[in-house]
Amino acid sequence: MRVVAAIDKFRGTASAVDAAAAVCRAAAKAGWQCDVRPMADGGEGTLEALGGPNRRTIVMGPLGDPVEAEWRLSKRTAVIEMARASGLALVGGAAGNDPIAASTHGTGELVAAALEAGANRVIVGVGGSATTDGGLGAIRAIFPPARMRGVELLVACDVRTMFVDAAEVFGPQKGATPAQVELLRRRLERLAQIYVEEYGVDVRTIPGAGAAGGLAGGLAALGAELISGFDLVASETDLLDALEGADLIVTGEGFLDAQSFEGKVVGGVLELASSVGVPVVVVAGEVFEDASGEIDAISLVDHCGRERALGDTLACIEEVVLGRMSGKRPR
């Protein structure tokens, strides 16, 4: 019997790598083989899912302070997680952020560092940003744009938000007041016009260009391709090959709700599993009522209680998975 642990992070309590390891510990106790495939959707955790960091570069943080950002370079492919350089967590969350001043300059510095190190393929995971600068800071750090010639630039997105809408959709999460949201929206509108004039790209028409406060759109102006973060991670980690012939797939995330099926890991794994006919168990910290459909889902809060589910997440994952495996029979 073989299980595939294709699981996302449980935000704030367990990384995808640790959650997958917990599934495999349960598998070992049940006498199953386990194939580890920690997943991500383009946001935080993407770097770990694609092999983990092996480089560090000091760059400008979202509000100008220097930060040491980890990234990866392997076989001329660089993996950058923008949250490591321009993330909201770096400024202490929305309360510590200046949503007008926050810049993606540090993310651009990581792209530039990757180019200088010889990368000809750059993957940028966007998510968890402090910024709504439309990627202008990153573009200035990468300048001149001619540096991108011959470089495959891929932006891994987990949303399809349009460029100008990034202000209204994400601004409040980053500490912006209603007046600041309107200011950010006008700034993005003007920036979109500039990108058309300077680069010949109308980022207002590209789904997902609003990811990371418009960083995705700014990189698209430089020639980046915006793709589903889950699809990219699944492809890079050969997930479909791992699923074929498996007896069970365990996926999951911190909160299972309607958004879990819109470009996120759980929805993506369920779709791939359906294509190969393998049953799936979804483990979530909490399962909300709008997570509709015929899904075999387990809530850690229901099984372990809220305090233990949050404080001892990995042990809870191991328990519920072991319980499900113990009753599983070969197909």
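**View 1. Second largest pocket of the predicted model.** Strand E8 (residues 225-228) gives three residues to the lining of the second largest pocket, the largest share. Strands (E, at least two residues) and helices (H or I, at least four) are DSSP runs numbered from the N terminus. A pocket is an open set of points on a 1 Å grid over the protein atoms alone, where a 1.4 Å probe fits, with protein on both sides within 12 Å along at least five of seven lines; lining residues have an atom within 4 Å of a point. The volume is about 340 Å³, taken as the space filled by probe spheres set on the points, which are joined across faces, edges and corners. Of the 14 lining residues, Asp158, Val159, Arg160, Glu262 and Gly263 lie nearest the centre. By class, the lining has six nonpolar, four polar and four charged residues; Ala, Val, Leu, Ile, Met, Phe, Trp, Tyr, Cys and Pro count as nonpolar, Asp, Glu, Lys and Arg as charged, and the others, Gly among them, as polar.

This is a predicted model, in which local features need pLDDT of at least 70 and side-chain atom pairs count only at pLDDT 80 or more, while totals for chains, interfaces and linings use all residues. Residues are numbered from 1 along each chain as its sequence is written, and side-chain values use heavy atoms, with hydrogens and water left out.

**View 2. Largest pocket.** The largest pocket holds about 780 Å³ of space. It is lined by 29 residues, and Arg11, Glu44, Asp158, Gln259 and Lys264 are the closest to its centre. Helix H6 (166-170), helix H8 (211-221) and strand E9 (248-256) are the elements that each give two or more residues to this lining. Ten nonpolar, nine polar and ten charged residues make up the lining.

View 3. Ser129 sits in the loop between strand E6 (121-125) and helix H5 (136-142). Its relative accessible area is 6%, so Ser129 is buried (under 20%; exposed is over 50%, partly exposed in between; 1.4 Å probe, protein chains only). The side chains of Ser129 and Lys174 make a polar contact at 2.8 Å (a pair of N or O atoms within 3.5 Å, one able to donate a hydrogen and the other to accept it; residues adjacent in sequence count only if both atoms are side-chain atoms). Beyond neighbours within four places in sequence, the residues in contact with Ser129 include Met82, Leu88 and Ala212 (heavy atoms within 4.5 Å).

**View 4. Helix H4.** Nine of the twelve residues of H4 are buried, among them Leu110, Val111 and Leu115. Gly118, with a positive phi near 100°, follows H4.
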